[in-house]
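Work through the exercises below with the sequence and the three-dimensional model open beside you. Try each task yourself before reading its solution.

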Amino acid sequence: MTTLIQRPDEGLAGENSRRRLIVIGNGMAGARVVEEILARGGATQFSITMFGDEPYGNYNRIMLSHVLSGEESHEDIFLNSLEWYIENSITLHTGVRVQRIDRFAKVVFSDDGQITPYDELIVATGSRSFMPPMDGLYTPRGSLLPGLFAFRTIDDTRGMIDYATRDDHRRAVVIGGGLLGLEAARGLQNHGIEVDVVHSGRWLMNAQLGREGGEVLRRSMAQLGVGIFTNNRVVSIWGPDKVKAVRLRDETEIHCDLVVVAAGIRPNTDVATTSGFTVERAIVVDDQMRTVDDDHVFAVGECVQHRGEVYGLVAPLWEQAVVLADVITGSNPQAAYLGSRTATKLKVAGVEVAAMGLTEPERETDEHIIFSEPRRGIFKSVVIRDGKIIGATLLGDSKKLAFLQQAFDRGLPLPEERVELLFDLGGPPAEVGVAELAEDAQICNCNGVCKSTIVDTVKGGCKTVSGVMDATRAGKGCGSCKGLVAQLVEYAAGGGVEEDPSAHYYVPGIPMDKPALVQTIRVQDLRSVAEVFAALAPNGEEDAKSKMGLASLLKLIWGAEAPDDREGRFINDRVHANIQKDGTFSVVPQMRGGVTTPEQLRRIADVAEKYAVPMVKLTGGQRIDLLGIKKEDLPKVWADLGMPSGFAYGKSFRTVKTCVGQEFCRFGLADSTKLGVELETRMQGMESPAKMKLSVSGCPRNCAESYVKDVGIVAIDGGRWEVYVGGAAGAHVRKGDLLVTVDDAETAKKLTARFIQYYRENAKWLERTYAFVPRVGLDRIKAVVVEDSEGIAERLDAAVQDHVDSYVDPWSQQGADPVTPGQFRTSLPLEVLPTMPPDRAEQLLGGAW
């Protein structure tokens with residue numbers, strides 16, 4: 001048990017006149033109500049005490065799936081720090097459960113033996129995971145079977161991560177195909193675990209999606225390598241000492257190491273029931289969020305039943321919190337909660353999903369507009385009644401969401417050409433700009449932030465996008481509203497959006513630009529990612545998003561002396577191959593300058609046949625890509641190939657594309673192939689802030705596309721060479737800038753390497769050369785790299801030579817022995833399991849949950 005005693009009140013007059021407010025529940029609902037009360041001057045009205053069942057402060061449960069996947073750490077999802085409670089004179093009891101309320105004596109009894117009096121009471125006990133009936137849930141001693149997890153709390157999430165990353169654990173079953181279940185499946189995949197989802201509904205996310213949308217989502221999840229069982233359920237778990245397998249209703253057996261239950265939630269009503277309050281599906285409240293039994297006891301959130309409805313989404317929770325705060329503080333005693341029109345906007349395993357109202361028509365006169373493209377994971381549906389939208393579903397493409405949301409909420413007139421609701425057809429757009437959005441239009445569903453809150457924050461002086469997000473929490477949930485938040489900030493600031501200082505940070509978790517960070521690391525002799533966080537991060541806290549960039553930077557600074565910090569690596573760098581969306585890997589052996597031999601081609605063909613490689617493909621970098629290789633086969637594939645790594649997977653130097661040059665081409669002016677091979681040999685494997693692709697063309701006809709590469713070299717008359725930098729031909733297209741014209745290939749090679757080293761030392765993390773060159777300026781780059789204006793050319797050249805001298809090919813170094821036991825453990829759910837036929841499911845399930 002932990003108790004935070006409130007700080008001594010500073011300047012709060014009339015202490016005895018303040019009413020005692022107890023909030024049972026320190027989750028999202030309880031803390032949000034307190035925030036709303038404080039915003040209405042509640043600190044002068046109430047002495048606030050909060051009880052939390054968990055031994056932590058308040059955190060965002062919506063983000064637990066991001067913690068599971070590794071995108072966020074558990075520290076990142078806390079909504080209120082412990083200091084917040086102290087600053088607001090709130091007494092917080094963590095890890096303490098209230099067992100009973102005596103509403104006649106106006107006291108609560110907690111499991112630590114305390115009896116605490118109140119004048120006003122708010123019950124915000126939330127909900128708990130529903131554990132469907134299954135055989136084998138418990139060990140013979142009565143404890144929950146090891147390897148079986150709910151997915152509701154930080155402790156649940158930590159336990160899953162710990163269990164999933166043990167070396168002998170390879171496969172999981174997730175029970176429940178709703179939002180949380182699919183997020184759990186995807187998160188476990190990120191830990192190298194094969195995952196099957198078992199869902200009792202006929203299609204995935206059946207609470208939010210119709211049949212067709214659910215089937216499109218099933219296909220998208222299957223393409224990600226998740227096994228799907230719908231119209232089915234787990235009836236037993238095999239132990240007895242730990243999870244070993246599950247049996248389904250149709251007698252299918254799945255061997256697994258852990259089971260995650262995400263089969264819905266149930267309101268936590270135990271304390272209300274024990275204390276004699278009216279409880280049906282949940283605690284019954286009126287329009288002022290009072291319990292129907294006591295005017296001094298309120299309830300809010302997932303534990304509440306209002307007008308027969310129980311809500312499990314956050315948006316209704318925020319609306320309830322506003323009404324309760326208005327009523328209890330007296331700022332608006334007539335405030336009333338009249339229910340919520342539920343709308344969902346979120347990301348499911350990276351797939352955008354938006355749903356509101358009906359998923360299918362209910363009357364013959366209802367209009368139903370549908371577009372479905374399952375191959376691309378796109379489904380759109382709009383239901384119209386009497387000229388008004390009464391339901392909409394968007395899956396995989398949410399471009400029209402703003403208008404559809406407003407039309408659904410406010411009954412806006414609709415275009416005669418109904419297809420304009422789904423697509424822009426070139427005419428006057430059926431669209432709503434941020435200026436036209438209503439002041440109370442909800443922008444962030446995850447944190448209940450409306451337009452007026454964002455606008456008021458900007459007008460209050462906060463004019464950076466990140467600052468507004470921090471102040472309001474908009475965009476801090478699933479992230480799907482970040483673009484709209486940025487537009488609103490720009491609109492509210494009248495175009496005067498201020499530059500965000502964090503835009504100059506090399507990585508988000510360390511508040512320093514790259515030069516300052518590099519200098520500090522050198523001065524303090526910081527050698528590992530953990531040491532950098534401990535010394536330089538705010539409060540010494542680690543940031544998951546910063547680890548990879550810091551690991552790369554440390555290798556740049558310390559070279560061969562840098563420790564092999566595997567925690568700072570992405571999966572690609574840990575296994576030296578490029579992960580694909582189905583969990584298999586791509587292997588691209590090095591072919592310097594795009595030149596190969598019959599012997600190499602035979603070896604590639606033999607490997608492709610031996611390992612049944614699904615696709616062998618020529619790449620744009622003049623190499624051969626073997627796609628669909630299993631993780632556990634990677635070391636054997638490398639050994640059989642006997643070729644160096646082509647580094648097609650990392651933030652590093654990739655390849656040099658060449659034309660045939662003067663040796664065979666009648667237009668060739670110089671030996672471009674030789675120069676390309678020499679460059680690739682010298683720069684191979686060099687880590688950098690972002691990937692680098694080079695090219696050498698033997699004449700200005702530019703057959704090797706040298707003008708649109710990170711560095712492109714072109715032969716011209718007189719044996720001279722032009723060196724271009726900052727080109728791009730992918731999602732961004734940019735012709736490179738002419739850095740220098742030189743008289744020989746050796747000078748071109750030397751200045752190319754010098755430019756790359758200068759880029760490595762000065763570019764931001766993930767900043768490609770096409771952004772770096774314009775940002776720094778071509779004139780400055782010329783001065784430093786060509787003219788040596790800063791006197792660092794010799795040092796830059798020496799750094800390149802250090803890389804050449806210390807380079808070791810990771811494929812030959814790895815051999816057959818993994819660095820860690822799980823490095824090449826299988827992670828491939830290659831076979832997508834079929835869905836049970838509906839008639840068979842109906843026969844077996846017969847109305848089960």
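Axes are lines fitted to C-alpha atoms, for helices over the stretch in contact, and angles run from 0 to 180 degrees between N-to-C directions. Helices (H or I, at least four residues) and strands (E, at least two) are DSSP runs, numbered from the N terminus. This is a predicted model, in which local features need pLDDT of at least 70, side-chain atom pairs count only at pLDDT 80 or more, and totals for chains, interfaces and linings use all residues. Residues are numbered from 1 along each chain as its sequence is written, and side-chain values use heavy atoms, with hydrogens and water left out.

**Exercise 1.** Describe how helices α21 and α22 are arranged, and state which residues meet between them.

*Solution.* Begin by locating α21 at residues 769–776 and α22 at residues 778–785, whose axes come within 6 Å and cross at roughly 90°. Next, compare the angle with the classes: under 35 degrees is roughly parallel, over 145 roughly antiparallel, 65 to 115 roughly perpendicular, and the rest oblique. The two helices α21 and α22 are therefore roughly perpendicular to each other. Then look for contacts, meaning heavy atoms within 4.5 Å: F772, V773 and V776 of α21 meet L778, R780 and I781 of α22. Finally, sort these residues by class, where Ala, Val, Leu, Ile, Met, Phe, Trp, Tyr, Cys and Pro count as nonpolar, Asp, Glu, Lys and Arg as charged, and the others, Gly among them, as polar. The contact of α21 with α22 has five nonpolar residues, one charged residue and no polar ones.

**Exercise 2.** Classify the ring pairs Y59 with F78 and Y759 with F772, and decide where each residue lies.

*Solution.* A pair of aromatic rings is described by the distance of the centres and the angle of the planes. Rings of Phe, Tyr and Trp (its six-membered ring) pair if their centres lie within 6.5 Å; planes under 30 degrees apart count as stacked, over 60 as edge-to-face and the rest as tilted. A search of the whole structure finds 13 aromatic pairs. For Y59 and F78, the centres are 5.8 Å apart and the planes stand at 70°, so this pair is edge-to-face. Y59 is in the loop between β3 (46–52) and α2 (64–69), while F78 is in the loop between α2 and α3 (82–87), so the pair ties together parts that are 19 residues apart in sequence. With the cut-offs for relative accessible area (buried under 20%, exposed over 50%, partly exposed in between, using a 1.4 Å probe and protein chains only), Y59 is buried at 4% and F78 is partly exposed at 28%.

For Y759 and F772, the centres are 5.3 Å apart and the planes stand at 70°, so this pair is edge-to-face. The pair links distant parts of the chain, with Y759 in helix α20 (residues 745–762) and F772 in helix α21, 13 residues apart. Y759 is buried, with a relative accessible area of 0%, and F772 counts as buried at 0%.

**Exercise 3.** Which residues have a positive phi although they are not glycines, and are they buried or exposed?

*Solution.* One is R307, with a phi of about 50°, found in the loop between β22 (304–306) and α8 (314–329). R307 is exposed, with a relative accessible area of 55%. Another is N539, with a phi of about 60°, placed in the loop between α14 (529–536) and α15 (547–558). N539 counts as exposed at 73% relative accessibility.
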